[in-house]
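Please look over the sequence and the model shown here.

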Amino acid sequence: MSSFPRHAATARPPRIALVGDRSGSVQAHAKIPVLIDAMAGPAGPAIEVYWLRSTAIGGPGDVAGFDGVWVIPGSPYQNTDGVFAAIRAARTGRIPLLGTCGGFQHLLLEFARDVCGLSGVENAEQNPDAAEPLIVPLECSLLGEEAGVVITPGTVAADAMGPGPTTERYFCRYGLNADYLEILQNHGLVFSGRDSSGEVRVAELPDHPFCVASLFQPELSSDPTWVHPLIGAFADAVRSHAAALAGAAG
């Protein structure tokens, strides 16, 4: 008997869309499918993985059939509008959403533009001369570094990882401009992880089945014998989404 009976009604395997531009030079792209496969078995059922290039996304319908969307590292993306469309579809359609590194940056951009009405905000990685930069260079580059993060109690991130300090792996040079913290929070975004100086490292939507983004890359500290709990929580939300659809259809 399965140890996860709540998923027994799933009529098809749960499906995740990996949104981004697959590249052999990005370590995360090689690791992520292996990690998802490793969570089959006791944590089952297995999850099917589909690569969805940014250039292949024209609108919300391109991700509507998935049970989860993972916006993967590797920005700048070839088609930023496609990535925003995927994030928007997952956010408004209540599809479990995980963003790591570039996915974190673009979740913030989509939220700022579409929810907060900040249509002019930009990513300084793509436009260093942006008049309204939401994503800006970090004070200290985290390219290939490990650094501390403090997870806020009572958040989705804390439910997954536990509250308090943790050490995470990064491969990033850009993060959130603190000038926009208040307006993002006022519109419902929760900053559930920060570094020792208060800079944001994790963001989430509390009224969503699972919508979490981290500047760190949990896939980099994972291997088939130990998968980061943030990825595990996302996978469980994906299975629950698929099971709920199967139950509604049945």
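**Basis and confidence**

This is a predicted model, in which local features need pLDDT of at least 70 and side-chain atom pairs count only at pLDDT 80 or more, while totals for chains, interfaces and linings use all residues. Residues are numbered from 1 along each chain as its sequence is written, and side-chain values use heavy atoms, with hydrogens and water left out. The pLDDT is the predictor's confidence in each residue, from 0 to 100. Its average over the chain is 92, and 93% of the residues score at least 70. Over residues 1-10 the pLDDT is below 50. Beyond near neighbours in sequence, that stretch has 19 contacts in the model, a contact being heavy atoms within 4.5 Å.

**Strands**

Helices (H or I, at least four residues) and strands (E, at least two) are DSSP runs, numbered from the N terminus. Two strands pair if DSSP finds at least two bridges between them. Strand 1 covers residues 15-19. It runs parallel to strand 2, with five bridges between the two. Strand 1 is also parallel to strand 3, to which four bridges join it. Leu18 stands opposite Trp51 in strand 2 and opposite Trp70 in strand 3. Four of the five residues of strand 1 are buried; buried means under 20% relative accessible area, exposed over 50%, and partly exposed in between (1.4 Å probe, protein chains only).

**Aromatic pairs**

A pair of aromatic rings is described by the distance of the centres and the angle of the planes. Rings of Phe, Tyr and Trp (its six-membered ring) pair if their centres lie within 6.5 Å; planes under 30 degrees apart count as stacked, over 60 as edge-to-face and the rest as tilted. By this rule there are four aromatic pairs. One of them is formed by Tyr50 and Phe66, whose ring centres are 5.7 Å apart with planes at 65°, so this pair is edge-to-face. Tyr50 lies in strand 2 (residues 48-52) and Phe66 in the loop between strand 2 and strand 3 (68-71), so the pair ties together parts 16 residues apart in sequence. Tyr50 is partly exposed, at 35% relative accessible area, whereas Phe66 is buried, at 13%.

Trp70 and Phe234 also form an edge-to-face pair, with 6.0 Å from centre to centre and 80° between the planes. Here the link is between distant parts of the chain, since Trp70 is in strand 3 and Phe234 in helix 6 (residues 229-249), 164 residues apart. Both Trp70 and Phe234 are buried. Ring pairs join these two residues and Phe210 into a cluster.

**Nonpolar core**

In soluble globular proteins, nonpolar side chains tend to be buried together. A nonpolar core is taken as a set of buried Ala, Val, Leu, Ile, Met, Phe, Trp, Tyr and Cys residues joined through side-chain atoms within 4.5 Å. The largest one has 76 residues, of which Val19, Trp70, Leu108, Leu134, Leu184, Leu189 and Phe191 touch the most other members. Helix 2 gives the most to this core, with seven residues. Leaving aside residues up to four places away in sequence, Leu108 touches Leu134, Ile135, Leu176, Leu189, Phe191 and Ala203.

**Helix 2**

How many residues of helix 2 are buried? The count is ten of 14, among them Val83, Phe84, Ile87 and Arg91. The cover over the buried residues of helix 2 includes strand 1, strand 3, strand 4 and helix 3. The expected span of a helix is 1.5 Å times one less than its number of residues. For the 14 residues of helix 2 this gives 20 Å, which agrees with the 20 Å between its end C-alpha atoms.

**Backbone details**

Helix 2 is followed by Arg94, whose phi is positive. Arg94 and Cys101 are residues other than glycine with positive phi.

A cis peptide bond, with omega about 5°, joins Ser75 and Pro76. Pro76 is placed in the loop between strand 3 and helix 2 (80-93).
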